[in-house]
Amino acid sequence: MSRNVQIPMPALRPAVLVASCVMCAIASMSVARAAVNVGTVSAQSAKKNRELLKATNSKLTKKQILKATQTERVISRREINANGPAAGAAQALALAPGIAVRGYGGISGSARYEIAVRGVKVGWSSVNGDVERNGITVLFDGVPMNNLISHNGGWDSNEIPIMQLISGVNVIYGPGNPDTRWFDSVGGTVNFVPVQPTEKANADIGLTYGSDQTEGANLIVNTGTHGGWSTVVAGGFSRNNTFRTGSFSAPSRSSALFAKTVKTFSAGSLSIGGYADDTTEFRPNFIPVNPIPAGPNGSAITVDGTANTPLYSQSTTGYYSSLPEDVWFKQIVVRDRMLYSKLNLDIAPDLTMHDMVWYRHGHRVHWRVDNYNYNGAPPGTVNSEYYNPRSDTYGNRVSFDWALPMDLVKAGASWINQTYSTPYTGYNETYGTSPANPVQYNNDTLTNTYLTGFVQDAISPIKSFTITPGIAAVDFQTQFFNNGASYTPPGATNQTVAPSDSKVFTRLEPSVGAVFRVTPHWSLYGNGAETYQNPGDNAFGAYSGSNAINLGSLKPVKSVDYELGTRFLLRHAGLLRHFVMNADVYRDRLSNETLATYISTGGNFATTEFASASATYQGLNVSAQDSPSWHWHVFGNVAVTRAHFDSYVPSGSTQNYAGYPVSYSPDLTAALGLNYRVAFGSYLVSPGVSDQYTGSQYLFSNVANAPTNNVQMPSYNIVNTQVAVKAGTDVFGLSSVTVTVGITNLLNKRYDPIEYLTSGGYFGGNSAGAVLADPGAPRQYFINLNARF
């Protein structure tokens with residue numbers, strides 16, 4: 001079916017119509033109240049600019065979290081700095097409780113990492129086995145960055161490569177309440193809050209150098225407030241080579257630019273922001289953990305794929321060794337362009353409107369050439385692929401806060417539309433084929449419209465107790481177009497066999513949260529929610545060349561999440577001076593999962609296999625921090641997770657892997673850190689050390705397209721340390737200069753954060769069933785100079 005042929009979409013369901021009517025009623029009421037109270041509003045004294053600017057900064061505070069009915073965490077600038085200036089978005093979350101991070105790039109913002117929040121994941125670690133690959137909504141300044149439908153590349157951590165542009169990170173664990181929930185928030189929501197406009201003019205400049213030719217620079221300039229206007233402009237770049245050894249340095253580079261202007265006025269504020277990022281990296285190849293000699297299934301796996309050369313493995317060619325560039329390389333390009341505006345308007349003394357409009361353009365390039373398996377391969381064999389998907393997303397979210405004597409009512413609606421195209425070519429230049437004249441081809445397009453309406457009421461019958469019931473209506477509309485069915489280049493085979501089609505899911509999402517403040521410094525809370533997520537693109541037929549797609553039986557992903565917790569926020573209580581503690585237990589069941597796994601098959605490069613699954617995550621998180629004196633700051637957390645499949649049935653199989661552990665879900669993670677500071681005249685010296693522990697994890701098997709219950713990765717812990725020296729000065733307009741020197745993986749621990757059982761397609765030969773790995777980075781150092789004006 002041609003891309004231009006329109007597939008009729010079912011009409012909006014009653015739940016969405018009801019939500020729309022609720023929003024219309026609220027909007028009408030708002031306009032009426034505004035008309036009545038316009039004199040009151042205009043007669044109010046103007047608020048101070050700094051108070052309004054502070055309101056535009058969406059970082060959570062510890063006092064706000066104490067009163068929350070859901071598990072929340074704010075990651076401060078100090079915690080972001082703990083991993084060094086070259087670290088990216090994923091490393092910023094690594095020290096947070098209940099969050100596990102893994103990837104192949106060491107301390108680098110250019111590499112892609114996978115982030116798991118209480119076991120539910122976002123990002124890509126290059127291996128299969130995730131129950132929910134895009135179960136966390138990632139926001140930039142409150143604006144969603146996730147692709148609405150893409151299973152692979154829904155969000156990549158290197159979309160935020162320059163962490164100097166980020167002032168803090170807000171984390172909501174689990175779906176939470178409707179007013180903070182988005183389309184991928186079945187497991188949580190992570191909001192990266194960039195630097196914000198300030199009342200006073202200032203500037204920061206930073207320079208970084210480190211191991212593996214790591215270099216970076218960043219600049220932040222704030223204009224200060226002039227006539228109610230304030231602007232911040234920030235940008236930076238970084239580049240580095242791989243820590244892997246071999247003839248290919250695999251250079252990577254990233255850059256990011258951000259700007260935001262805020263206009264404050266007596267009744268609110270208006271802000272306009274823009275963000276752009278570009279990353280180009282060479283992804284390292286997997287390496288066998290143990291040597292693979294020749295055997296009944298094929299040849300030995302050697303360092304260049306030819307006989308009579310050394311066996312390629314961590315124990316023979318070196319723990320960090322890699323293949324030559326002319327044997328194997330894979331280049332990844334990730335780009336974002338975002339533009340958004342936010343309006344906060346006091347319509348009446350007790351009624352506020354929030355309106356956010358945004359546009360996001362996403363673009364990826366995936367270019368791989370694999371000569372390892374193709375020496376002497378027959379004509380028509382594919383050894384190269386070029387895949388460059390792109391998306392354009394438009395959205396509008398409107399909400400109202402209505403403050404009543406014992407209630408805070410929040411209601412809103414959102415509309416998001418995205419067009420996502422996924423052109424792919426497979427070729428082999430040895431036999432005269434190319435991206436323009438491929439052997440394999442597909443060009444799928446998916447168009448999505450997501451509608452949401454919600455209302456929640458935070459009811460406080462007494463000052464110390466709040467209960468927040470809520471209801472949301474979601475509507476997921478998907479149109480899938482197999483463009484290759486109408487045009488495929490001559491001589492090429494269309495890799496997508498599913499026909500063009502469409503599907504609409506409409507569901508109600510009930511939730512309730514409650515918090516009881518036992519004392520002003522101690523609270524108990526709980527939250528429960530039933531939420532839904534649209535399936536990924538593969539489930540609608542995208543890139544599928546061997547599996548029949550049955551949209552009639554397809555269901556949206558369902559999450560049923562419960563949590564109970566307690567919080568303490570103590571000041572000057574005995575030995576405790578600034579003590580913060582949170583403990584929570586949770587249970588999250590994910591069902592109706594349609595899992596896609598990508599299996600390498602030599603000449604066909606990869607096939608998409610499916611499985612239907614449901615899983616349960618449950619666990620305990622405990623975190624605490626304190627500054628017992630001006631000199632000392634200590635923090636620590638521990639997370640215990642038990643995750644298992646309630647069902648896992650591969651397509652075409654009758655075997656159910658129910659009860660098997662969910663792959664790549666550590667049973668225990670923990671972190672401990674200590675910081676000290678001391679003044680010597682005008683110098684402030686601040687050393688610090690942190691230790692991160694990741695427990696054992698079960699591997700996924702590409703051989704069986706299933707989880708395992710008898711093959712585990714070993715646990716590991718990584719120690720990082722750094723010392724910062726800050727000097728106050730008034731030379732050349734400088735207010736301070738800070739030099740930071742640090743070492744990551746101080747003990748030079750050898751560990752593999754990523755492993756899997758290969759089906760044999762990656763290297764061919766006798767490799768089926770072998771463990772392939774991406775090693776973690778060895779000891780690395782960095783030095784950073786930061787000047788503030």
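User: Two strands pair if DSSP finds at least two bridges between them. With that in mind, in what order do the five strands of the open sheet stand?

Analyst: This is a predicted model, in which residues are numbered from 1 along each chain as its sequence is written, and side-chain values use heavy atoms, with hydrogens and water left out. Local features need pLDDT of at least 70 and side-chain atom pairs count only at pLDDT 80 or more, while totals for chains, interfaces and linings use all residues. Strands (E, at least two residues) and helices (H or I, at least four) are DSSP runs numbered from the N terminus. The pairing in this open sheet is mixed, and the order is β1-β7-β8-β5-β6.

User: Which strands stand at the edges of that sheet?

Analyst: An edge strand here has a single partner strand, so one of its sides is left without a neighbour in the sheet. That applies to two strands, β1 (72–75) and β6 (143–144).

User: Within the sheet, which residue of β8 is the bridge partner of Val169?

Analyst: Strand β7 covers residues 166–173 and strand β8 covers residues 188–194; they pair in the antiparallel sense over seven bridges. In β8, the partner of Val169 is Phe192.

User: How many residues lie in the hairpin that joins β18 to β19?

Analyst: Strand β18 (residues 390–403) runs antiparallel to strand β16 (residues 351–370), with 13 bridges between them, and the bridge partner of Met356 in β18 is Arg397. β18 also pairs in the antiparallel sense with strand β19 (residues 407–427), over 14 bridges. In that pair, Asp401 stands opposite Lys410 of β19. The hairpin from β18 to β19 passes through residues numbering three.

User: Strand β28 pairs with β29 as well as with β27; which residue in β29 is the bridge partner of Gly636?

Analyst: Strands β27 (residues 607–626) and β28 (residues 632–650) run antiparallel, joined by 16 bridges, and a hairpin of five residues connects them. Asn621 has Ala639 of β28 as its bridge partner. β28 then pairs with strand β29 (residues 668–676), again antiparallel, over nine bridges. In β29, the partner of Gly636 is Leu672.

User: How far apart are the closest N and O atoms of Glu79 and Arg73?

Analyst: A salt bridge is a side-chain nitrogen of Lys or Arg within 4 Å of a carboxyl oxygen of Asp or Glu, and the whole structure holds 22 of them. Buried means under 20% relative accessible area, exposed over 50%, and partly exposed in between, with a 1.4 Å probe and protein chains only. Glu79 is buried at 11%, and Arg73 is buried at 13%. These two residues form a salt bridge in which the closest N and O atoms are separated by 2.4 Å.

User: How many residues apart in sequence are the parts that Arg244 and Asp774 tie together?

Analyst: Arg244 forms a salt bridge with Asp774, with 3.7 Å between the closest N and O atoms. Arg244 sits in the loop between β11 (229–240) and β12 (252–265) and Asp774 in strand β37 (residues 771–774), so the parts tied together are apart in sequence by 530 residues.

User: Besides Arg244, Asp774 meets Arg283 in a salt bridge; how many residues apart in sequence are the parts that this second pair ties together?

Analyst: The salt bridge between the side chains of Arg283 and Asp774 is 2.7 Å, N to O. Both Arg283 and Asp774 are buried. Arg283 lies in the loop between β13 (268–282) and β14 (287–288) and Asp774 in strand β37, so the distance in sequence between the parts is 491 residues.

User: Which strand gives the largest share of the nonpolar patch?

Analyst: Patches are made of residues with over 30% relative accessible area and no salt bridge; like charges are joined within 9 Å, and nonpolar side chains (Val, Leu, Ile, Met, Phe, Trp, Tyr) within 5 Å. Areas come from the Shrake-Rupley method with a 1.4 Å probe, and for residues only the protein chains shown count as cover. At least two residues come from each of β9 (202–210), β34 (716–728), β35 (736–744) and β38 (780–788), and the largest share, three residues, comes from β38.

User: Which residues gather in the patch of positive charge on the surface?

Analyst: Lys and Arg count as positive and Asp and Glu as negative, with His and the chain ends not counted; the charge is placed at NZ of Lys, CZ of Arg, CG of Asp or CD of Glu. One member, Lys62, is found in helix α3 (residues 62–66) and counts as partly exposed at 34% relative accessibility. The patch gathers Lys62, Lys63, Lys67, Lys463 and Arg571.
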